[in-house]
Amino acid sequence: MMTDPSRAEIIRSFDPSGVGLENGNFCGLPFDYDTASIVLLGVPWEVTVSYHAGTAKGPEAVRQASPQLDLYDLDYPDGWQQGLYMPPSPEWIRALNDDLRPVAAAVIAATEQGQDLTSNPHLSAQLNAVNAGCDRVNQWLYATTQQAIADGKQVGVIGGDHSVPLGLMRALAAHYDNFGILHIDAHADLRQAYQGFPYSHASIMHQAIALPQVTRLVQVGIRDLSHGEVTTIQQSQGRIQTHYDPVLKEQRYSGTPWLKLCRNIIAPLPPQVYISFDVDGLDPKLCPGTGTPVPGGLELEEAMALIRAVVRSDRQIIGFDVCEVGDSDWDGNVGARIVYKLCNLMGRSQADAPLPQGPESPS
């Protein structure tokens, strides 16, 4: 009787220098759920998006672009051997997104006209329907992540808008007593309920810090935020530490090396760290189709140097999300590279061999 191949057998038979396979998996890798150590969950959800649409197609854009990536990674040359698997995104999430997006758009339009949602029964019903749909997606991701953790997997989420990783964060909070979040973004995402939606993309970090296990939130690249969010940061007693993009740039202009700033940024983080990467934290030229682009931001290698600093400090990356990727080929290309790098840095953070002080050069 034939048995399924083991991960070791798959590694022996796979040529990482070969042509990227169009097999439906991330980077064309030959792993499945059973043989992968990292599961990438695409969540095609953007119901509460408040500006540009298209990020619901981000997971598929990332998947389609990923076979174009070469697998050699200077930070972890054999990182692909961890086994990466991206199952198809659930069709019911895609269908629910398409059904509820126009409903949410009506609510959003009403708020932009200054209407009181609570005094209009029709709008209240629409708001409740959207919130129920968001909660359903959160519950699915929580349960799916819990099962993956029980199966010995690590999980990364690909959005969709930035509301989608809440279920993953909640699952990690059920597994770890405490952890920190390193949040790369143009926005603070600390609004209690934006445009009536508590599960808005603008409220994900408000939801995150509601978890007592999240002991520190460190934000980088922030350059578009509200007065109320600034008050939340100032009143957090150091639990939220926000590094504003203009301030970081002023420090760079005055001669402070970026690697020194990276070490200062990560210093307050606890031993376990979750990476929440909204691509609008980058310069918009890198992902121009993102939902809410803002001038300024990080270069891609600046962001990766920051995450390398986490690994070099002997902290452990326990999960990640990459959100707000647009649906163009270029956005998918950049998004796929971020996902692959985060998989490798997460693996390297748990490997016996330390990360070199500079990216490895092939000998």
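Me: Why is D34 called exposed?
Reply: D34 has a relative accessible area of 61%. Exposed means over 50%, buried under 20%, and partly exposed in between (1.4 Å probe, protein chains only). So D34 counts as exposed. D34 sits in the loop between helix 1 (7-13) and strand 1 (38-43). Helices (H or I, at least four residues) and strands (E, at least two) are DSSP runs, numbered from the N terminus.

Me: What should I know about the source of these values?
Reply: This is a predicted model, where local features need pLDDT of at least 70, side-chain atom pairs count only at pLDDT 80 or more, and totals for chains, interfaces and linings use all residues. Residues are numbered from 1 along each chain as its sequence is written, and side-chain values use heavy atoms, with hydrogens and water left out.

Me: What makes D4, D32, D34 and D151 a patch of negative charge?
Reply: Asp and Glu count as negative, Lys and Arg as positive; His and the chain ends are not counted. Patch residues have over 30% relative accessible area and no salt bridge, and like charges are joined within 9 Å. The place of an Asp charge is taken as CG. D4, D32, D34 and D151 gather in such a patch on the surface.

Me: Why is L100 called buried?
Reply: Its relative accessibility is 10%, so L100 counts as buried. L100 belongs to helix 3 (residues 91-112). L100 and V130 are 6.2 Å apart, C-alpha to C-alpha, yet 30 residues apart in sequence.

Me: How do you know that the length of helix 10 agrees with its residue count?
Reply: The expected span is 1.5 Å times one less than the number of residues. For the 13 residues of helix 10 (residues 300-312), that gives 18 Å. The end C-alpha atoms are 18 Å apart, so the two agree. After helix 10 comes D314, with a positive phi near 70°.

Me: What makes helix 10 largely enclosed?
Reply: Of its 13 residues, 10 are buried, so the rest of the structure largely encloses helix 10. Among the buried ones are M304, L306 and I307.

Me: Why is the contact of R308 and D75 called a salt bridge?
Reply: A salt bridge needs a side-chain nitrogen of Lys or Arg within 4 Å of a carboxyl oxygen of Asp or Glu. R308 and D75 meet at 2.8 Å, N to O. The pair links helix 10 to the loop between helix 2 (58-65) and strand 2 (84-85), 233 residues apart. R308 has a relative accessible area of 8%, so R308 is buried. D75 is buried too, at 1%.

Me: What other residue forms a salt bridge with D75?
Reply: K341 does, with the closest N and O atoms 2.6 Å apart. This pair spans 266 residues, with K341 in helix 11.

Key: Patches are made of residues with over 30% relative accessible area and no salt bridge: like charges are joined within 9 Å, nonpolar side chains (Val, Leu, Ile, Met, Phe, Trp, Tyr) within 5 Å. Accessible areas come from the Shrake-Rupley method with a 1.4 Å probe; for residues, only the protein chains shown count as cover.
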